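Visitor: I am new to this structure and would like to be shown around it. Please take me through it one question at a time.

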Amino acid sequence: MRGLHRPSTAGPLDNRIGLDQLTVMSPQKRTTRLGSGAAGVLAAALALSMTGAAQASAADLNNARNAGFESGLANWTCSAGSGTTVSSPVHAGAAALKATPAGQDNARCAQTVAVKPNATYTLSAWVQGGYTYLGVTGTGTTDVSTWTPDSTAWKQLSTSFTTGASTTSVTVYTHGWYGQAAYYADDVSVYGPDGGGGGDPAPTVPGAPAGLAVSGTTSSSVSLAWNAVSGATGYSVYRGGTKVTAVTGTSATVTGLAAATSYTFQVTATNAAGESVKSTAVTGTTTTGGTGGGTVPKHAVTGYWQNFNNGATVQKISAVSSQYDIIAVAFADATTTPGAVIFNLDSAGLGGYTVDQFKADIKAKQAAGKKVIVSVGGQNGTVSVSDPTSAANFANSVYALMQTYGFDGVDIDLENGLNATYMSQALRSLSSKAGSGLVLTMAPQTIDMQSTSNGYFQTALNVKDILTVVNMQYYNSGSMLGCDGKVYSQGSVDFLTALACIQLEGGLDPSQVGLGLPASTSGAGSGYVSPTVVNNALDCLTKGTGCGSFKPSKTYPGLRGAMTWSTNWDASAGNAWSAAVGPHVHALP
């Protein structure tokens, strides 16, 4: 997290694009600049990826050749030697494509595919890794593409196109983005009428999914995960024998359930050839009603306290303004044990602040009704929770810190991605140790909360019943999509309200949504707004007043409040931020 503490490194810009630009921030905080026209393409592509495309008829086939890269790069051409095949990770079969952008090359891999004129085709591929684009050119009508931000799990991209009256071949392609991580692609499909080019054989009915398990529960939902099935293009989820949803990935959350109730679930795999038999059933039991998160004020202000000296005012916990209801101690760090974290007070950097003083100050804040939690991660945080062992290590080590220092809970500020399945498992294990008083907060970047399919958003929904608040960082960001599908730039009321709307309408309770902003211009590289803008955004969301051009369709009077980086930068500016925002938050309806 955060501006000047652990500075990020800007990636290379695409110097071939014009001056009228829109900035989009990657999860690695590299800044990539896109022309205003490209911004519209990105927004349209994202909309396409969300809506998907209609399936072709069962008589059609996949016209792509070597679609699963089982024959190396046969039939594919990759720019600048950027592509290779790997045995892991793969979506299905024994191989997948790995393509690595470098310099001015975006790792474009393409194939010419034979098609019929005046025909409609569904183009899809499974992707993982860095930013990935999937598209087609030479259609004779409208060329299309879709994309996804970086993903730690396989995700299907899908769109459709129609060929022109004289079109007999098209070029399908994948590519990454300049300066970003390598991407993986597998099981490419150009599904539709036989173009005569000798595509892969028609699919057969897939087998039943294995490994179905409950990955999380709330008072009104059950989250499920299962293993991928070779040849499947989608999955159907059944509750008590009745189909309740269909997805393209290997996880789903079934909502609208009654609290404290057990349900049985099964999953089938589907493709154009048909649907598999149902998987082995699992039982998921919803929790009791209400959201979790310990006892905090209805409207609360969160502030990050710096366990280091980076030029901001050096503070003891006792010196933190009383306007802060939750104080997040930044940061706990990774150890050599996977998933485990440790906290060491920087006594030397904090003017001789001793561990005993630190513990006593925490107790004093708690006696005054405040919560003090430990934050894990930060901008350069390297904590990885990716399997059952590391999940257990994370829960055990955080609980040990709570016992040692008296922390009330934990803040998840992992800015280099997280695994929703195992982080959810770790947080539930921690909750079982700490009990109902656990305070659990999160501080994702803007791009982490653009879609419920993102790992951060999935985690928040998975642990909704024990979650206190998600304070998204509305700074150090590029322009992002709001819940109305429009693009908004940071530094405005609209940016705060339109992006918060995604969380409010995406499944989080209003009490679990907060607005995270820097306390001063020194607190972040970009995105600072005056306390007046913060307060206007809070009023817009809770009362429908003070809005900009975006006005939410309804109000959310239960909105939790606001967060800032940091209490130290706030103190450097005479506590101006907390003095203005704190009373406003506490006076919300």
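Visitor: Where is the place of N66?

Guide: This is a predicted model, and the places given here refer to that model. N66 has a phi near 50°, a positive value in a residue other than glycine. Its place is in the loop between β3 (61-62) and β4.

Visitor: Is N66 buried or exposed?

Guide: The cut-off for buried is under 20% relative accessible area. N66 has a relative accessible area of 9%, so N66 is buried.

Visitor: N75 also has a place in the loop between β3 and β4. What is the relative accessible area of N75?

Guide: N75 has a phi near 75°, again a positive value in a residue other than glycine. Residues between the buried limit of 20% and the exposed limit of 50% count as partly exposed. N75 is partly exposed, and its relative accessible area is 38%.

Visitor: Which strands are the edge strands of the open sheet that contains β4?

Guide: The open sheet has 5 strands in the order β4-β7-β12-β9-β10, with antiparallel pairing. An edge strand here pairs on one side only. The two that do so are β4 (77-78) and β10 (144-148).

Visitor: Within that sheet, which residue of β12 does Y133 stand opposite?

Guide: Strand β9 (residues 132-137) pairs with strand β12 (residues 169-175) in the antiparallel sense, over 5 bridges. Across this pairing, the residue opposite Y133 is H175.

Visitor: Which residues are on the covered face of strand β21?

Guide: In a regular strand the side chains alternate between the two faces of the sheet. Strand β21 (residues 282-285) has T283 and T285 on its uncovered face. Strand β19 (residues 262-271) pairs with β21 in the antiparallel sense over 4 bridges, and F265 stands opposite V282. The covered face of β21 holds V282 and G284.

Visitor: What does I412 touch, not counting residues up to four places away in sequence?

Guide: I412 is one of the residues with the most contacts inside the largest nonpolar core. The residues touched by I412 include F394, M423, L427 and Y456.

Visitor: At what angle do helix α4 and helix α5 pack?

Guide: α4 passes α5 in a right-handed crossing. The contact is made by A420, M423, S424, L427 and R428 of α4, with G455, Q458, T459 and N462 of α5. By class, this contact has 3 nonpolar, 5 polar and 1 charged residues. The axes of α4 (residues 420-434) and α5 (residues 455-462) are 9 Å apart, and the angle is about 35°.

Terms used: Residues numbered from 1 in each chain as written. Predicted model: local features only at pLDDT ≥ 70, side-chain atom pairs only at ≥ 80, totals over all residues. Heavy atoms only, no water. Axes fitted to C-alpha atoms, helices over the stretch in contact; angles between N-to-C directions. Left-handed = near helix turned anticlockwise from the far one by under 90°. Contact = heavy atoms within 4.5 Å. Nonpolar A, V, L, I, M, F, W, Y, C, P; charged D, E, K, R; others polar. Pairing = 2+ DSSP bridges. Core = buried A, V, L, I, M, F, W, Y, C linked by side-chain atoms within 4.5 Å. Buried < 20%, exposed > 50% of the residue type's maximum accessible area, 1.4 Å probe, protein only.
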